[in-house]
Amino acid sequence: MDAVLTNFANGDILAITWRPLLAGLAQTMLLSLLVIPLGAIAGLLIAALFVVSAGLARVLLMVWIDFFRAFPPLVLLIYLYFGAPLLGYEISAYAAIAVSFTLNTSSYFAEIFRAGIEGVPRGQWHAARATGMSWLQSFFVIVLPQGTRAVLPDLLSNIITITQLTALASVVSVPELLHTAQLAQATSYNVTPIIAAAVIYLALLWPLVRLMSHLDARRYSTKLSAAATQRRRRQETADE
Amino acid sequence: MGRFVDQFINPVIWARYWDEMLGAIGLTVQLTLLVLLTGLLLGLVLGLIRVAVPPLFRIPIVIFADVFRAIPPLVILVVNYFALPFAGIRLSGFDCAWLGLCLVLAAFTEEIIYGGLRAVGKGQWEAARSTGLGSVTTLMLIVFPQALRMTVAPLTNRTIAIAKNTALGSVIAVPEILNIAMSALSNSANSTPLTMAALFYIVLFAPLIVFSRWIEHRFPQRG
């Protein structure tokens, strides 16, 4: 038991490393707060373009989305970060992260928003336009809020994934939580900092993961009750 | 333009690393298949167990699923690689990546399968039991197939997302596509190996993404 504590939860090591670890956590949260809005706004834009486009433009947008969903974000990040200087462009680690993660996460956001928007009945559009609203007003005031509500669990799931994604920044030496922990481990020859980092990630994301399960369960049950209501109505109509 | 071609799609560099990169593809495919097979199977079994056992026994499964859904996959791989040896468990980088990604996939699969099983109406259970089917038979023949239809779309998406994480193995010295490409990059001071890596990943995963679109269309989650 003593050996376990010394190796994995060493108090002396924690006493030295908790400050840098907290600074790392702050970086992780900062990165998330940078990347999540960037990805969401770009994704919403792509989804809106998808809704208004037709024919070839629509196919090209879909190819764009699928291309960046198939491209592992770590590969994209390294390609930008190590590739750009060879062309003569110095790129900071933060810029490389912002660009590569936005390309990756906006594709997922776009798919989620698109599904939500397409789920809103056409009548909502027509009704909004009939009251004199412009297309943009109808989109932002009437359609988007309804569409977003339907895909809330997916949005939350994507936000969790993006927060986890920020750990990849350690590969390009951004001092976020994982990178700080790895440095502390290398200097102390003890894995306590890495275990501590894992525990911090867990504490940060566990509430969100619970919330995601809760929303998913509710979505399943509303879907079921909606289906049941529909069946009952059909039955009643048949009885009449 | 000439500089770009020279740095990013240099035919000489391409030819030099082609064989090595092909070997790395083989390893990536192998790792991906192992992760998919074991992760999906483990998650499936855990999801079925969670429905079948009394609430108290569900707690360990819930904790497992929550932990491996909350901690970033890269952190799990790093913990496996650097911490397990201190517990007397020495695994190769490949095995660390396999184990870590398998557990992450199992956690998500369990949660999705359990959600699907719960969503199948109580009436289905009661109807099946009243025809004389046992509870295990009811679960496997009546409830599970219906749950699978509901869950196949989210399960496919999640599986592809986790399969893409094999690239994370490069961080713990697994000689997969990205790892080989990065050492080739530092040896040749040329980005062509990374272009090759990117193309290989696109070729491997784009068909899966298209397949997932078809699945979503074929088995819509709604309704």
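**Helix packing and salt bridges in the predicted model**

In α2(B), the residues T32(B), L36(B), L40(B), L44(B), L48(B) and V51(B) meet L139(B), M140(B), F144(B), L155(B), T159(B) and A163(B) of α7(B). Contact means heavy atoms within 4.5 Å. The residues of this contact comprise 10 nonpolar, two polar and no charged. Here Ala, Val, Leu, Ile, Met, Phe, Trp, Tyr, Cys and Pro count as nonpolar, Asp, Glu, Lys and Arg as charged, and the others, Gly among them, as polar.

The model is predicted; local features need pLDDT of at least 70, side-chain atom pairs count only at pLDDT 80 or more, and totals for chains, interfaces and linings use all residues. Residues are numbered from 1 along each chain as its sequence is written, chains are lettered from A in the order in which they are written, and side-chain values use heavy atoms, without hydrogens and water.

The axes of α2(B) and α7(B) (residues 135–163) come within 11 Å and cross at roughly 140 degrees. Axes are lines fitted to C-alpha atoms, for helices over the stretch in contact, with angles from 0 to 180 degrees between N-to-C directions. The two helices are therefore oblique to each other. Angles under 35 degrees count as roughly parallel, over 145 as roughly antiparallel, 65 to 115 as roughly perpendicular and the rest as oblique. The crossing is right-handed, meaning that the near helix is turned clockwise from the far one by less than a right angle. Helices are DSSP runs (H or I, at least four residues), numbered from the N terminus.

Over all chains, the structure holds 10 salt bridges. Each is a side-chain nitrogen of Lys or Arg within 4 Å of a carboxyl oxygen of Asp or Glu. E110(B) and R50(B) form one, at 3.0 Å from N to O. This pair links helix α5 (residues 93–119) to helix α2 (residues 11–52) of chain B, across 60 residues. E110(B) is buried at 0% relative accessible area, and R50(B) is buried at 7%. Buried means under 20% relative accessible area, exposed over 50%, and partly exposed in between (1.4 Å probe, protein chains only). R50(B) also bridges to E111(B), with the closest N and O atoms 3.3 Å apart.

In chain A, R69(A) pairs with D66(A) in a salt bridge of 3.0 Å between the closest N and O atoms. The two lie about one helical turn apart because they are three residues apart in helix α3 (residues 55–70). Both R69(A) and D66(A) are buried.
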